[in-house]
Amino acid sequence: SGVSEETSQCVLLSGSVQDMAGNPNVNDGPIPSQYFYGDDVSPDLLEFALDRDGPSLTLTFSEVMSPSTVNLQTLTLSSGLHAVSLTSSVLINLEPSHILAVNL
């Protein structure tokens, strides 16, 4: 289940817009997409912010991410020769967003 040509449609509720004569639109149900352009661009991590007092980590991506697909065990913070894996971290925000927050 994802966004696809088969699942993309638009519903405009009756009375949402009017023409120049003041006639409102009438809802005839969902309309399928006439054109559909799939997403084939991989997301990039643009920046991160580490709050050691929190402690928390904020990750900013180039596009909206689905939190359910995030595998925090694959994320490592490093500084020179030292590296720390986030094995016991918890994702804070559970809604799709281009910014993901993690409790460390």
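These points cover confidence, strand pairing and selected residues in a predicted model.

1. Confidence. The protein chain has an average pLDDT of 85, and 99% of the residues score at least 70. Within the protein chain, β3 has the highest confidence, at a mean of 91, while β7 has the lowest, at 78. Both of these strands belong to the sheet described next.

2. The sheet of 4 strands. Its strand order is β3-β4-β8-β7; the sheet is open and the pairing antiparallel. The edges are taken by β3 (45-51) and β7 (90-91), each of which has a single partner strand, so one side of each lacks a neighbour in the sheet. In general, strands of a sheet pair through backbone hydrogen bonds, in either a parallel or an antiparallel sense.

3. The β3 and β4 pair. Strand β4 spans residues 56-65 and runs antiparallel to β3, to which it is joined by 6 bridges.

4. Is F48, a residue of strand β3, buried or exposed? Its relative accessibility is 52%, and because exposed means over 50%, F48 counts as exposed. F48 also belongs to a nonpolar surface patch, together with L50 and L104. The accessible area of the three residues together is about 280 Å².

5. T60. This residue sits in strand β4. T60 has a relative accessible area of 14%, and since the limit for buried is under 20%, T60 is buried. Which residues does T60 contact, leaving aside its neighbours within four places in sequence? They are D44, L45, L46, E47, H98 and I99. Of these contacts, L45, L46 and E47 fall within the range 45-51 given for β3.

6. Strand β5 covers residues 76-79 and strand β6 residues 82-85; the two pair antiparallel over 4 bridges. Among the facing positions, T76 has S85 of β6 as its bridge partner, and S78 stands opposite A83, also of β6. The hairpin has 2 residues between its strands, and in it G80 adopts a positive phi near 65 degrees.

7. Points to inspect. For the edge of the sheet, start with β3, which has a single partner strand and contains F48. For the hairpin of β5 and β6, look at G80 and its positive phi.

Notes:
Residues numbered from 1 in each chain as written. Predicted model: local features only at pLDDT ≥ 70, side-chain atom pairs only at ≥ 80, totals over all residues. Heavy atoms only, no water. Pairing = 2+ DSSP bridges. pLDDT = per-residue confidence, 0-100. Patch = residues over 30% accessible without salt bridge, like charges linked within 9 Å, V, L, I, M, F, W, Y side chains within 5 Å. Areas by Shrake-Rupley, 256 points an atom, 1.4 Å probe, with all protein chains shown as cover. Salt bridge = Lys/Arg side-chain N within 4 Å of Asp/Glu carboxyl O. Buried < 20%, exposed > 50% of the residue type's maximum accessible area, 1.4 Å probe, protein only. Contact = heavy atoms within 4.5 Å.
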